[in-house]
Structure formats: structure tokens, C-alpha cells
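Subject: Structure for your review

Dear colleague,

Please find below the structure that I am handing over to you. My notes on what was found in it follow directly after.

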Amino acid sequence: MVPTLTLRATRERAALVARGRALLAGAALFAAFCALLAFVQYGTPHLADNDGFYHMRMAQLMREQGLTPRFTWLPLTILDEARFYDHHMLYHVYLALFTGDGSEAALIAGAKAASVALPALAFTAIWWLLRGAGVGWAWAWALGLGAVSEAFLYRMSMPRAQSASLLMLALALHWLLRRRHALLLPLGFAYVWLYNAFPLLLLLAGAYAAASWLTGRRLEWRAPAYAAAGLSLGLLANPYFPANLRFIASHLAPKFGALESGVGNEWYPYQTWTLVENSGGALALWLLGVFALGWRGRRFDRATLTAFLLSVAFGLMLFKSRRFVEYFPPFALIFAALAIGGRALAPPAPLSRAREKGEVTGIVAHLPAPVATGERPGVRIFALLALAAMLALTLPAARETMARARPAETYADASRWLRANTPPGSTVFQSDWDDFPRLFFYNTANVYVIGLDPTYLQLRDARLFDEWVAISRGEVEAPGAAIRERFGASYAISDLRHTGFLRRAARDPRMREVYRDAFAVIFEIR
């Protein structure tokens, strides 16, 4: 009895020590990821993306009004007050932690800090996934996330929810590989409330189920079942139900070719060589993983095949749309790590047999194993030098891209003029749909004719959308009458690049220029 108790106590102490070491390692890696991402993020005092201005203002409104703030700023679109759906709700909850005193400067500073911490957390989750899967030197593989794609790092640095989405997928894959399928139910619920990329959870669960069947003839039906159940609950038990269902159907349609109007550039593909330049490391790493399997004569195991299927799926999606560069590089790295490093470290025989019998649980199952006898230290030294070289190339390139961000003060003074000189609630016509986030950020006193996505106006009123396109392109000779009568706008704002619109407006006696600065021109519609 005494030896048994002593052995049990020894195991408990060993598990506690291992858990402590794992937490310390995770904290150290999180700090390292924060440092790498901060190097990219603070390459400019500005924000990487227009939409970040919208998200931070929504986060501030949420702090003031609660989880579902009243949204009145796009009355001509499918996001009018009666039909508004916040499809980034939990992301806005997260950003609300970074709003500070609510001033414009505090919101911009908070957006940048939030856009360092969240992707760092996602990267740390990928390390935990690789470590749990038995990948040797998982920390080095995880650091490779900063080396494989300049475009990936740039998009991770945006004040947008894609890094939160990557975190969800990393957690889901980790739990699936541990066969903790039930956790996909609460995760799926949270994913719906977080971001409208939640269908990717079904893709992940489906890839896992397919890999389980192909490698072991095991029907893992619980994975897609729990994922579907969680997503369904998130859709139905939603503070915006049923508006959320109508919006999701409308929002996704243009992205699959149902409409011909232009959407954001992120929905269009990269040119082939541009993709090679900004994500060549991810493509090379994926190919290296494929070659490694063939060279070693290995068969796919469940984890490696799951990662392979996901990397292929995200790769095809990337060739269709550049926005999926936020998913292909990390899953290419996960696949390569499992294909190359998954067998590099093998647990001791007694521990392996215990794992097979299910006798090892919790943190003990994650204990790092000793180096395999056949591995050469020179290979690891070369790999670390290659990693350092790639980091030295990719991080400055991403920082340089960040440095080209539009100035944060774009439309700031023009918005303040509108706020001070126009009646509250009056409508402002914009010549560019993508100007809305900044206008909304600096001025919530006015409402706007179009924003966030051009299809939101088109889906509400196709004829009105066509008129907006014609006016903004300078195809309407005297646009003032249509702006006033069709859009109900008393003022119009444009950047200086819409020369056709500006030329028509200058000649229209119903339009009087009342403000101009280095970024914008404002007209009063008589």
C-alpha cells in the first residue's frame, strides 16, 4: 500500500511540475509573439485597415449601451436600425477592454494593443496544439508563424476578427485530436457570436472526420455533430435572431457570385507571383511536408491527414480570395510540423504503452519526449538558422507594409466639421463606400448612405445602388438633385481621388463647396 501511495504522489508531483513548466513555456512564447507582432504593429502610428475604426467605435458604443447598441447609421442598407446584426459581437466585447477613456486617441491606441495580444494568443494556441500532438521542438515551429508569410502577419495585425477566428480553429483542432469532441459545442456557440466565418468550424470537423475514416476506418460522427449543434445554438439563441439569419444569407450571396457588384479587394485573388512573394515560405513549407512524408515512406496518421486536408482546402480558398491568406499559412505550417516533426520525438516505451492503454491523462500526456537517437544535431542547427533568416526577412517586410497604412487622421477634421455644422441625424452622401468606418469613427452625429460592404445597399435597393455608382463615378452631369431627392442627403463628402465626381459637383449649381482639406471635400446640397 505504501509504495503504491508513494508512486501516486510521485506521479502527481511530476504532473504538477510538468503543468507549471508548460504554463511558463506558454507565457514565455506569448511574450515572444507579442514582441514579434508589436514590431510589425508599431511600424506605424496608424491602423492597418479601415474597418478597425468601425470596430473600435462599436466597442465604445457597447461599453456605453450594452451588448446590443442601437445602430442607426446606415438607414438605406440591410443594416438599418430594424435589421441590424452585429456579426462581430464577441469581438467587440473583446475590443471594449481596450477603449480606455473613449477618446479618439485612446481608441486608436487600444486597437493597436488589442491587435498584438489576440494574434499572439492564437499563435500560442497553435504551439499548444503542436505540443499536444507530440511535435518535437513545437516552440520553434510556432515561432515559424512569424516567418512564413508577410501577408499573413499583416492581416493578423489588423483590428479585425480574423485572429480570433484562427484561435477558435486552433482550439477546435487541438480538442479534436485529443478526442474531446463535446467541447466543439460551446466553442461553436461562441464562434457564431464572435465572427461570421463560423462555417469554417464545420470544414474543420469534416476534415477530421474524413481523416479518421481514411486512416482507421473510424466513424467520428460526433465531431461534425457537436460542431453543428454548437453553431445552431449560436444562431438560434442569439440576441439578434432572426435578423442574423436574414443577414447571413444576404451577406454570403455576393461572395459566391450571386451578385456582380464589386466587393472589397480582399475577396479577389492575388496574382500568382504576388502570392509567391508574400507567402512563398508557407507554400515551400507545405511542399516540404509533402516531400517529407514520401521520403520517409510514412503513411498519413489521423492528425497529419487532418492538417493536410485543411491546408489543401484553405489553399484552394486562397487561390479564390486573398482574404484566406489568414488561414492557409498557419495550417500549412501545422501540416508540415506534423509531417516532419511529428515522429522526430518519440516517448519512452513505457509511456507510449500507457498512452495506448489510456492510462495517461491530463498534462502528463503532453510531457516532451527525449530526442530520437537517429536525429542529427546539425539538422536542428540548420533549421534554427533557417528560421532566424526567414524571420529576419518576413518581419521587416510586414512592418514595411504596415508603414504604408493610410493616416489615422484621414477624414478626422472633415468629420468634425460635419458634426459641428450639420443638423444631428442628417444624411451624408459619400463617393466611396469604404469611407464609412472612418466617418463613423469620428462622427456619429450624422448618418450615411453606404458602408461596410457595397452590397448592403444593393441588396436593399438595387436601383438606388446603381444610381450611387453612377454618381460616384462622375457619370451624372448634375448629381445634386439626385443626391438630395433620391438619397435624402443635404451634404456630400468625397476624397480627392474621385475626380469625375468632383468635376461634376463643381459645375452643379445645387452643390456648394463648404469645406476642403488635404483628405476630403464637403459639398452642401442646396
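A residue is called buried when its relative accessible area is under 20%, exposed when it is over 50%, and partly exposed in between (1.4 Å probe, protein chains only). By this definition, 54% of the 526 residues in the protein chain are buried.

Please note that this is a predicted model, in which local features need pLDDT of at least 70 and side-chain atom pairs count only at pLDDT 80 or more, while totals for chains, interfaces and linings use all residues. Residues are numbered from 1 along each chain as its sequence is written, and side-chain values use heavy atoms, with hydrogens and water left out.

Overall architecture

The protein chain has 22 helices and five strands; these are DSSP runs numbered from the N terminus (helices: H or I, at least four residues; strands: E, at least two). Of the contacts with a separation of 6 or more, 75% are between residues 24 or more positions apart, a contact being heavy atoms within 4.5 Å. The chain exposes about 23,100 Å², with carbon and sulfur atoms supplying 62% of that area.

Helix H16

Helix H16 covers residues 377-403, 27 residues in total. From first C-alpha to last it reaches 39 Å, close to the expected 39 Å, where the expected span is 1.5 Å times one less than the number of residues. Its buried residues include Arg-380, Leu-387, Leu-391 and Met-402.

Salt bridges

Side chains of opposite charge can pair when their charged atoms come close. The structure holds 17 salt bridges, each defined as a side-chain nitrogen of Lys or Arg within 4 Å of a carboxyl oxygen of Asp or Glu.

One of them joins Arg-416 and Glu-104 at 2.6 Å, N to O. Arg-416 belongs to helix H17 (residues 412-421) and Glu-104 to helix H4 (residues 104-132), so this pair ties together parts that are 312 residues apart in sequence. Arg-416 is partly exposed at 30% relative accessibility, and Glu-104 is partly exposed at 21%.

Another salt bridge links Arg-179 and Glu-220 at 3.1 Å, N to O. Arg-179 sits in the loop between helices H7 (162-177) and H8 (184-194), and Glu-220 in the loop between helices H9 (200-216) and H10 (222-236), so the pair ties together parts that are 41 residues apart in sequence. Arg-179 is partly exposed at 38%, whereas Glu-220 is buried at 2%.

Finally, Arg-404 and Glu-400 form a salt bridge at 3.8 Å, N to O; Arg-404 is exposed, at 57% relative accessibility.

Yours sincerely

Conventions: Accessible areas come from the Shrake-Rupley method with a 1.4 Å probe; for residues, only the protein chains shown count as cover.
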